[in-house]
Amino acid sequence: MNIHEYQAKELFEQFGIPTQRGLAAFSLRETEESVQQLAGPPWVVKAQIHAGGRGNGKFKESEAGDKGGVRFANSADEARTYAEQMLGNTLVTLQTGPQGRVVNRLYIAEDCKIDRELYLSVLVDRVTSRIAFIASEAGGMNIEEVAAKTPEKIVTVTIDPATGYAPFHGRRIAFALGLSGKQVNACVKLVGNLYRFMMEKDASLVEVNPLVVTKDGDLVCLDAKVNFDSNALFRHPDIVALRDVGEEDPMELEASQHDLSYVKLDGTIGCMVNGAGLAMATMDIIKLYGAEPANFLDVGGGASKEKVEEAFKIILSDPAVKGILVNIFGGIMRCDIIAEGVVAAAREMEIKVPLVVRLEGTNVELGQKILSESGLKIVPASDLDDAAAKITAEVKEAA
């Protein structure tokens, strides 16, 4: 689960993590009230969406569309003008894709006198199974570009879970960032508090870009991107309360309400599979046959007929889907239940795109019988290779 920058900074304050002072604004009136409460001018008016690259983004419907989603206002009237141009308009960045995101919230912040811009993030490293800090003197830039062109500028420090965070971790990061004097102690404290935040709040990613050194020599988190482990949210009702469903993909949101694991992708072959590993293998073999998967969808090990029907509805709500591949291995999940769900959904929704179904496992013969006697145009497949070959051929023929 993601949260907005202003929400992340409010949480940072609880952990003693230094940020610039700012207020959230949902309207022009709240924008005007915010600048009256904050020191300035100038003030920074920042669009709040779940995507990076806001400063270099462009608005679709704004008169000042090329000025981006992060602007400096030198007067209250200018702050109001920027808010008017941003609120309700669509901001397009490299991370949003061409469709962009509608801006419904702003963050009005006090100006910060910047001397240097640095990069600092902390994440769950799946390779080492440890919390890892990533630091770079090349802050305020696209960190992926830095990693590709100048990897020597990036330093990674992992934390052994048996011992936890120790001051020497913070000092190593401070020296990697070129800090000195009081800044080293400030960095040790900052890194320790970020580690505590990660552990106590079950975060999966905290990214500060840029982390700045001010003209006075202080460290300030000028931006904040935070993701949380969705599987741990039951422990954090305060985090759940921060969820902005308007920032989530409608299909992914609908899937979560039916306990389905769904991720929208850019291809044309809709996939319905049980088990994350099998789903990944299914997407891989679709690509092997020259097509692209339209989604990742795991119906789980014990899906009901109704759950399968909902999965079909979600897949077909994507206009990019030109064919559907159902790949089910029946262990706990019985093949006849899947078949009944497939048939019910196909009849109810009058599926017009090619549909290939591969079943294997518990009650597979009964499941295949239900499909063959349905009277519907359902193409059976004997194995995964056969299924991928048939769905790609069916889609090409339909096109």
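**Entry 1: Phe 12.** I started with what Phe 12 touches. Leaving out residues up to four places away in sequence, Phe 12 is in contact with Ile 17, Thr 19, Leu 194, Phe 197, Val 206, Val 208, Cys 221, Ala 224 and Val 226. Contact here means heavy atoms within 4.5 Å.

**Ground rules.** This is a predicted model, where local features need pLDDT of at least 70 and side-chain atom pairs count only at pLDDT 80 or more, while totals for chains, interfaces and linings use all residues. Residues are numbered from 1 along each chain as its sequence is written, and side-chain values use heavy atoms, with hydrogens and water left out.

**Entry 2: the cores.** I then checked the largest nonpolar core, which has 40 residues; Phe 12, Phe 133 and Phe 197 touch the most other members. A nonpolar core is a set of buried Ala, Val, Leu, Ile, Met, Phe, Trp, Tyr and Cys residues joined through side-chain atoms within 4.5 Å. Buried means under 20% relative accessible area, exposed over 50%, and partly exposed in between (1.4 Å probe, protein chains only). Helix α6 (residues 182-201) gives the most to this core, 8 residues. Another core lies apart from it, with 32 residues, including Val 299, Ile 314, Ala 346 and Ile 351.

**Entry 3: helix α1.** How many residues of α1 (residues 5-14) are buried? I got 7 of the 10, so the helix is largely enclosed by the rest of the structure. The buried ones are Glu 5, Tyr 6, Gln 7, Ala 8, Lys 9, Leu 11 and Phe 12. After α1 comes Gly 16, with a positive phi near 70 degrees. For the record, helices (H or I, at least four residues) and strands (E, at least two) are DSSP runs, numbered from the N terminus.

**Entry 4: strand β17.** Next I went to Ile 324, which sits in β17 (residues 323-330). Ile 324 counts as buried because its relative accessibility is 0%. β17 is mostly covered too, with 7 of its 8 residues buried. Beyond neighbours within four places in sequence, the contacts of Ile 324 include Phe 312, Leu 316, Val 353 and Ile 391.

**Entry 5: partners of β17.** Which strands pair with β17? Strand β15 (residues 269-273) runs parallel to β17, joined by 5 bridges, and Gly 270 has Ile 324 as its bridge partner. Strand β18 (residues 355-361) also runs parallel to β17, with 7 bridges, and there Gly 330 stands opposite Gly 361. Two strands pair if DSSP finds at least two bridges between them.
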